[in-house]
Amino acid sequence: MPRYALKIEYDGAPFAGWQAQAGQPSVQGAIETALAALDPGFRDGARIAAAGRTDAGVHATGQVAHADLAREWEPFRLTEALNWHLKPAPVAVVAAAPVPDDFHARFSAHERRYLFRLISRRAPAVHERGRVWQVRDPLDLGAMQAGAAHLLGRHDFTTFRSSMCQAQSPVKSLDEITITELPANAGREYRFTLRARSFLHNQVRSIVGSLERVGAGAWPPARVAEALAARDRAACGPVCPPQGLYLTGVGYAPDPFEPASSLICASTSVGSSGGQGR
């Protein structure tokens with residue numbers, strides 16, 4: 001069965017999250033329903049696997065999933081057909097690529113990238129409603145950057161993960177955390193960019209919520225280091241809401257969506273007898 005990687009974007013607002021759940025709308029369920037309309041293999045309960053299981057209300061511009069199909073597809077036609085069957089759900093497949101049998105959207109990834117958007121303004125957000133976290137007062141960018149610097153590198157992030165996190169270890173390496181400030185209509189927008197091989201459940205939202213406390217003047221920047229060292233969920237600041245969070249990209253080597261990589265994957269997958277990825 002040929003395997004395809006799918007690059008996906010979605011508005012997370014109407015969904016209970018990425019993962020399929022009985023009686024609840026999910027992004028995974030929407031895509032699997034579209035695949036079932038195209039491919040007989042998905043009419044027998046086949047599943048797709050994703051790079052990350054985003055929570056309810058979280059958006060994506062660069063989620064990646066893989067699917068094993070019963071027939072071969074030209075990538076452009078596969079994206080067009082899937083997008084036709086996905087309507088009117090706010091989900092789009094922006095690219096598809098053939099990949100080897102051992103490619104796995106989750107386990108083959110070497111990094112994930114997230115963006116969190118926070119807007120400070122007194123008037124209610126209108127056009128960005130459901131796509132940003134809004135606070136009323138301006139934030140101190142320099143203080144947030146100073147606080148964020150304590151989180152770079154390899155640490156025990158127990159403080160910044162959900163009590164329901166199922167990861168075997170709280171130790172993760174945070175490779176990048178960048179905060180920028182942009183003008184917004186009647187206010188300011190703060191963009192938090194985070195990059196790591198993998199993240200704990202609620203890690204990004206916990207970090208941003210704590211850094212907002214620094215920007216608001218409720219925490220000194222050094223308190224972020226103290227919270228990290230405490231390894232105690234009670235030391236975390238408030239977990240910010242999901243609507244400002246976006247999964248913006250997943251890194252692979254080679255990248256299946258680069259034209260040259262797709263050609264290599266296509267050639268290696270023909271006649272391959274390799275086992276399926278996990």
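Two strands are taken as paired if DSSP finds at least two bridges between them, and helices (H or I, at least four residues) and strands (E, at least two) are DSSP runs numbered from the N terminus. The structure is a predicted model, in which local features need pLDDT of at least 70 and side-chain atom pairs count only at pLDDT 80 or more, while totals for chains, interfaces and linings use all residues. Residues are numbered from 1 along each chain as its sequence is written, and side-chain values use heavy atoms, with hydrogens and water left out.

E5 and E10 run antiparallel and are joined by six bridges. Nine bridges connect E5 with E9, again in an antiparallel arrangement, and here phenylalanine 116 has phenylalanine 192 as its bridge partner in E9. Strand E6 (residues 133-135) runs parallel to E5, with three bridges between them; isoleucine 119 stands opposite glutamine 134 in E6. In a regular strand, side chains alternate between the two faces of the sheet. E5 is mostly covered, as nine of its 10 residues are buried, where buried means under 20% relative accessible area, exposed over 50% and partly exposed in between (1.4 Å probe, protein chains only).

The nonpolar interior comes next. A nonpolar core is a set of buried Ala, Val, Leu, Ile, Met, Phe, Trp, Tyr and Cys residues joined through side-chain atoms within 4.5 Å. The largest such core has 64 residues, and those touching the most other members are Ile8, Trp18, Ile31, Leu78, Leu174, Phe192 and Ile207. Helix H1 (residues 27-38) supplies the largest share of this core, six residues.

Rings of Phe, Tyr and Trp (its six-membered ring) pair if their centres lie within 6.5 Å; planes under 30 degrees apart count as stacked, over 60 as edge-to-face and the rest as tilted. The structure holds five aromatic pairs. One of them joins phenylalanine 103 and tyrosine 252, a tilted pair because the planes meet at 50°, with the ring centres 4.9 Å apart. Phenylalanine 103 lies in the loop between strand E4 (91-99) and strand E5 (111-120), and tyrosine 252 in the loop between strand E10 (245-251) and helix H6 (259-269), so the pair ties together parts that are 149 residues apart in sequence. Both partners are buried, phenylalanine 103 at 8% relative accessibility and tyrosine 252 at 7%. Tyrosine 114 and phenylalanine 199 form an edge-to-face pair, at 5.2 Å centre to centre and 85° between the planes. This pair also links distant parts of the chain, 85 residues apart: tyrosine 114 belongs to strand E5, and phenylalanine 199 to the loop between strand E9 (187-196) and helix H4 (203-215). Tyrosine 114 is buried at 12% relative accessible area, as is phenylalanine 199 at 18%.

Histidine 59, in strand E3 (residues 59-68), is likewise buried, at 3% relative accessibility. Its side chain makes polar contacts (pairs of N or O atoms within 3.5 Å; within protein, one must be able to donate a hydrogen and the other to accept it, and residues adjacent in sequence count only if both atoms are side-chain atoms). The side chain of histidine 59 reaches the backbone nitrogen of glycine 12 at 2.9 Å, and one of its polar atoms lies 3.0 Å from the backbone oxygen of glutamine 243.

Most residues other than glycine have a negative phi, and most peptide bonds are trans. The peptide bond from lysine 87 to proline 88 is cis, with omega near 0°, and proline 88 sits in the loop between helix H2 (75-86) and E4. Another cis bond joins alanine 253 and proline 254, where omega is about -5°; proline 254 lies in the loop between E10 and H6. Alanine 186 has a positive phi, near 65°, in the loop between strand E8 (171-184) and E9, and is exposed at 62% relative accessibility. Asparagine 202 also has a positive phi, about 70°, but is buried at 16% relative accessibility, in the loop between E9 and H4.
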